[in-house]
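Biologist: I am new to this structure and would like a close look at one part of it, the nonpolar core. Please describe that part and then place it in its surroundings.

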Amino acid sequence: MKANYLEDLRSLLNNYKMEQTEKDEIVSDYNEMYEGYEGKGMQDDEIVKKLGAPRSIIRELTEGFKKVEKPLPGGEKIIALSPFAALIIFFVLGFGFNLWHPGWIIFTIVPVTAIIVEMGKTRDEQLTTALSPFFASLLYLYLGFYHDLWHPGWIIFIIIPMLGIWNSRRTLSKLDLIVSLSPFLAGIAYVALGLQGYWKEGWVVFLIIPMLGLLNEKNRLMMLLWELLFIAGIAGYLYVGYTYPEYWAYGLFAFAPIVILGMITGNIEIVGGDIPKEYNIIIVASTAVFLLLGFIFNLWGVAWLVFLVIPVYAINVEAPKSDRVVATTPFIALTIFFILGFFFGLWAYSWLAFLIIPIVAIMKNA
Amino acid sequence: MNSQFKRGIIEMCVLKIISRKDMYGFELIENISSEIEVNENTIYPILRRLTKQGLFDTYTESMSIGAPRKYYKLTEHGTHKLNEYEDEWRSFLDSVYRILGGASNES
């Protein structure tokens with residue numbers, strides 16, 4: 001078992017550009033730790049649990065080291081040829097079958113090919129995350145155009161962060177993985193409940209997020225108290241709402257003990273975590289605008305564009321000044337393309353908006 | 001506690017413990033974890049990094065059973081760094097105590 005553990009560790013280390021002596025040292029350290037715990041009478045499975053499976057610790061051990069690249073044969077040529085292939089297919093679909101729309105979708109093979117080839121070099125675990133926006137968008141557009149399911153079709157975009165978390169699962173504990181995924185699962189459950197007519201009270205499913213998070217609480221008694229208060233709060237809220245349907249809001253008082261306990265223990269903050277406050281504000285504001293445009297004006301099909309504000313803001317804050325304009329153009333192009341198509345039915349021409357991306361990049365580098 | 005901050009403190013503790021006695025990695029983990037909650041995967045990278053920076057020298061001692069043990073010994077450069085860290089840490093704590101209005105750790 002020890003031999004297998006060390007062999008797995010070594011083979012994972014071999015995927016990184018690291019000096020051989022450094023790899024040997026790491027393996028030797030783990031050998032020492034393994035033997036140390038064996039000496040204390042621990043069983044193999046206990047030791048592996050204590051040290052962490054090689055796959056779950058490899059990121060920590062190789063922090064700062066690049067992965068060894070294993071280029072796919074002919075990968076660069078495939079990337080270079082993909083725009084031409086896409087253009088030819090697009091013209092064939094357009095001129096031959098009058099499928100300008102949705103034929104334009106073929107252009108997504110350009111970034112998709114580049115992502116597969118580039119990320120495939122290092123067998124990047126986040127490959128499916130990087131591809132998910134394209135597939136989510138395609139599915140969303142399909143649901144919208146052919147089944148008029150713009151709402152709740154937008155929920156498909158939840159797959160992007162969920163895949164991101166899922167692909168990082170090896171570095172997370174099981175509980176942390178479930179807690180990280182819970183907001184998205186709660187979101188899906190909320191929409192499902194809403195579509196059954198439970199929009200008003202369905203939000204309580206989001207309480208599963210803190211309830212799961214609280215399972216991390218080390219003080220067992222405190223954890224039990226929190227969980228009981230949540231269950232009592234939900235039960236009280238639903239009881240008040242269903243017994244006196246005109247007084248749903250009063251049911252919120254059932255959650256007062258949670259707020260009071262939270263304030264006493266210092267667990268309740270308005271903005272938490274390491275995320276800068278402005279991001280929280282932008283995320284909340286764009287979600288609010290999205291829901292407002294959707295519910296009031298029934299613009300589910302186009303309202304999702306407001307979420308582009310988040311990456312655009314991030315680029316303008318985080319990216320080097322010289323890269324900002326070029327990095328922002330894909331979002332501008334996408335917005336122009338989608339608005340022209342959605343409101344004016346100009347799908348056959350609006351894809352031209354994407355030409356601003358290479359034009360801006362060329363002008364910038366000229 | 002911020003993990004970066006905690007890692008810095010653990011680094012100083014590692015230097016201090018090894019300044020008292022040469023130790024092998026597992027022995028050090030046992031020693032330090034009796035006082036602070038630490039993970040094995042935190043200590044070994046610290047030992048490797050500090051060795052690379054010349055703060056530790058290593059030597060091996062063979063065992064009757066199992067692989068030879070690698071012992072860590074503080075170098076002169078390591079001793080100098082440890083003194084520096086300790087001074088910084090004490091002065092930092094004094095400032096914190098002054099702000100909090102409590103007693104200084106020097107008292």
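**The core and what lies around it**

Modeller: The largest nonpolar core has 26 residues, and those with the most contacts inside it are B:Val14, B:Ile18, B:Leu28, B:Ile43, B:Leu47 and B:Phe56. The model is a predicted one. Both chains take part in this core: H1, H2 and H4 of chain A each supply at least two residues, as do helix H1 (3–20), strand S1 (23–24), H2, H3 and S3 of chain B. The element that gives the most is H2(A), with 5 residues. In soluble globular proteins, nonpolar side chains tend to be buried together.

Leaving aside neighbours within four places in sequence, B:Val14 is in contact with B:Leu28, B:Ile32, B:Ile43, B:Ile46 and B:Leu47. Of these partners, B:Leu28, B:Ile43 and B:Leu47 are again among the residues with the most contacts inside the core.

A second, separate core has 7 residues, including A:Trp104, A:Ile106, A:Phe337 and A:Phe338.

An α-helix has 3.6 residues a turn, so residues three or four places apart point the same way.

A:Arg59 is partly exposed, with 13 other C-beta atoms within 10 Å.

Chain B has 4 helices and 3 strands, and from the N terminus on its elements run α-β-α-α-β-β-α. Buried residues make up 19% of its 107 residues. Of the contacts in chain B with a separation of 6 or more, 38% are between residues 24 or more positions apart. Chain A has 21 helices and 0 strands. Buried residues make up 12% of the 366 residues in chain A, and residues 24 or more positions apart account for 51% of its contacts with a separation of 6 or more.

Further along chain A there is a helix pair to look at. Two packed helices are described by the angle between their axes and the distance between the axes. Helix H5 (residues 75–97) and helix H7 (residues 109–121) of chain A pack at an angle of about 170°, with their axes 9 Å apart. At that angle H5(A) is roughly antiparallel to H7(A). From H5(A), the residues A:Gly75, A:Ile78, A:Ile79, A:Ser82, A:Pro83 and A:Ala86 meet A:Ile109, A:Val110, A:Thr113, A:Ala114 and A:Val117 in H7(A). This contact has 8 nonpolar, 3 polar and no charged residues.

Some backbone details of chain A complete the description. A:Asn98 sits in the loop between H5 and H6 of chain A. A:Asn98 has a positive phi of about 55° although it is not a glycine, and it is exposed, with 10 other C-beta atoms within 10 Å. In helix H6 (residues 100–103) of chain A is A:Pro102, and the peptide bond from A:His101 to A:Pro102 is cis, with omega near 10°. A:Asp148, in the loop between helix H8 (127–147) and helix H9 (150–153) of chain A, has a positive phi of about 50° and is not a glycine either. A:Asp148 counts as exposed, with 11 C-beta neighbours inside 10 Å.

Definitions and conventions:
Residues numbered from 1 in each chain as written. Chains lettered and ligands numbered in written order. Predicted model: local features only at pLDDT ≥ 70, side-chain atom pairs only at ≥ 80, totals over all residues. Buried ≥ 20, exposed ≤ 12 C-beta atoms within 10 Å, placed from the backbone. Contact = placed C-beta atoms within 7 Å. Axes fitted to C-alpha atoms, helices over the stretch in contact; angles between N-to-C directions. Parallel < 35°, antiparallel > 145°, perpendicular 65-115°, else oblique. Nonpolar A, V, L, I, M, F, W, Y, C, P; charged D, E, K, R; others polar. Core = buried A, V, L, I, M, F, W, Y, C linked by C-beta atoms within 7 Å.
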